[in-house]
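I opened this notebook to record what I looked up in the structure shown below.

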Amino acid sequence: YGNRGNRWLYNTVDGSTGYCMEVASGLTDCTIEGNTFKRAGVGRPNGSRVIGVTGGFGGGSPEYTKGIRILNNNIYGSGLLNRPDECVAVNSHTENVTFEGNHFYDFLGGATTLTIDDAANSGVKVRDNTFRNCGGNGHYLITVRCNDAIIEGNDLLSTIPGTRGIYDGGATTGFKVRGNSINVPGRALELSSRHTVTDNELVSSADTAVLLSG
């Protein structure tokens with residue numbers, strides 16, 4: 001954990017062959033704020049994740065990435081279909097990752113726009129983000145597969161058929177889902193056990209707007 005206190009402020013990353021930005025194993029107390037990220041995975045048939053945050057293993061034991069703040073960025077997908085890995089993703093072994101005040105645009109090709117993708121994460125906060133022109137058949141705007149996340153104040157709007165709102169990965173507990181505005185054609189919420197859901201505004205044209213499962 002010697003690499004601490006990095007700041008990446010008000011830059012533009014326009015084009016990459018892989019990620020636009022990767023925050024990798026062992027980084028601590030980093031802020032990524034006010035940037036524009038677009039055209040990740042140029043020239044690759046499946047695209048790439050635009051921003052990736054991940055921990056890892058050092059000497060056979062988990063090496064956590066901690067205290068990452070991703071704030072007030074403009075984050076663009078390609079606007080193309082059939083790019084299955086295109087998203088913003090937090091992989092395994094992170095603590096206290098915050099996405100706040102970001103604007104997500106034009107993610108059409110993957111299974112989700114913002115995904116927190118592993119149970120070995122803790123302290124996740126997704127606050128006050130805006131999603132526009134993202135979605136597709138079965139696409140989720142936010143997927144979080146770890147326990148005790150806070151998802152609040154987000155503005156999720158899509159008119160793209162089959163787009164869904166927030167999904168908890170099917171086996172998580174302890175979410176606080178509050179104060180979100182979700183207007184999508186598909187299910188607005190798909191949640192499992194022991195979550196607290198308060199003060200959200202939900203609009204859906206699906207047969208089932210909210211799915212609660214055990």
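Predicted model: local features only at pLDDT ≥ 70, side-chain atom pairs only at ≥ 80, totals over all residues.

**Entry 1: A strand pair and its sheet**

Residues are numbered from 1 along each chain as its sequence is written, and side-chain values use heavy atoms, with hydrogens and water left out.

I then looked up the strands behind this bridge. Strand β13 (residues 103–105) and strand β17 (residues 130–132) are paired in the parallel sense over 3 bridges. Strands are DSSP runs of E with at least two residues, helices are runs of H or I with at least four residues, and both are numbered from the N terminus. Two strands pair if DSSP finds at least two bridges between them.

Both strands belong to an open sheet of 8 strands with parallel pairing, in the order β2-β5-β10-β13-β17-β20-β23-β26. I recorded β2 (12–14) and β26 (201–204) as its edge strands, each pairing on one side only. On average, neighbouring strands of this sheet are turned by 10° against each other, direction ignored. For such angles, axes are lines fitted to C-alpha atoms, for helices over the stretch in contact, and the angles run from 0 to 180 degrees between N-to-C directions.

**Entry 2: The whole chain**

I next asked how many helices and strands the chain has. The count comes to 0 helices and 27 strands. The radius of gyration is 16 Å, close to the 17 Å that the globule rule gives for 214 residues, so the chain is as compact as a globular protein of that length. This radius is taken over C-alpha atoms, and the rule is 2.2 Å times the number of residues to the power 0.38. Along the principal axes, the C-alpha atoms fill a box of roughly 50 × 40 × 30 Å.

I noted that 49% of the 214 residues count as buried. Buried means under 20% relative accessible area, exposed over 50%, and partly exposed in between (1.4 Å probe, protein chains only). Of the contacts with a separation of 6 or more, 69% are between residues 24 or more positions apart; a contact means heavy atoms within 4.5 Å.

**Entry 3: Another open sheet and strand β18**

I found 8 strands in an open, parallel-paired sheet with the order β3-β6-β11-β14-β18-β21-β24-β27. The edges are β3 (21–23) and β27 (210–212), each with a single partner strand, so one side of each has no neighbour in the sheet.

Within this sheet I followed β18. Strand β14 (residues 112–116) runs parallel to β18 and is joined to it by 4 bridges, with Leu-114 opposite Ile-142. Strand β21 (residues 164–167) is also parallel to β18, through 3 bridges, and Tyr-140 stands opposite Arg-164 there. I continued from β21 to strand β24 (residues 189–191), a parallel pairing with 2 bridges, in which Ile-166 faces Leu-189.

Is β18 enclosed or open to the outside? All 5 of the 5 residues of β18 (residues 140–144) are buried, so this strand is largely enclosed by the rest of the structure.

**Entry 4: The nonpolar core**

I looked up the largest nonpolar core, which has 42 residues; Phe-37, Val-50, Val-88, Phe-99 and Phe-104 have the most contacts inside it. Its largest share, 3 residues, comes from β18. Such a core is a set of buried Ala, Val, Leu, Ile, Met, Phe, Trp, Tyr and Cys residues joined through side-chain atoms within 4.5 Å. Leaving aside residues up to four places away in sequence, Phe-99 touches residues including Val-88, Phe-104 and Leu-114.

I searched the whole structure for disulfides (cysteine sulfur pairs within 2.5 Å) and recorded 0. For Cys-134, the nearest cysteine sulfur is that of Cys-87, 11 Å away. The sulfur of Cys-146 is 15 Å from its closest counterpart, in Cys-87, which is too far for a bond. Cys-134 is buried at 1% relative accessible area, and Cys-146 is buried at 1%.

Finally, I checked phi angles. Asn-82 is not a glycine, yet its phi is positive, about 60°; this residue lies in the loop between β10 (74–76) and β11 (88–90) and is exposed at 66% relative accessibility. Asp-106, also not a glycine, has a positive phi of about 65°. Its place is in the loop between β13 and β14, and Asp-106 is partly exposed at 24%.
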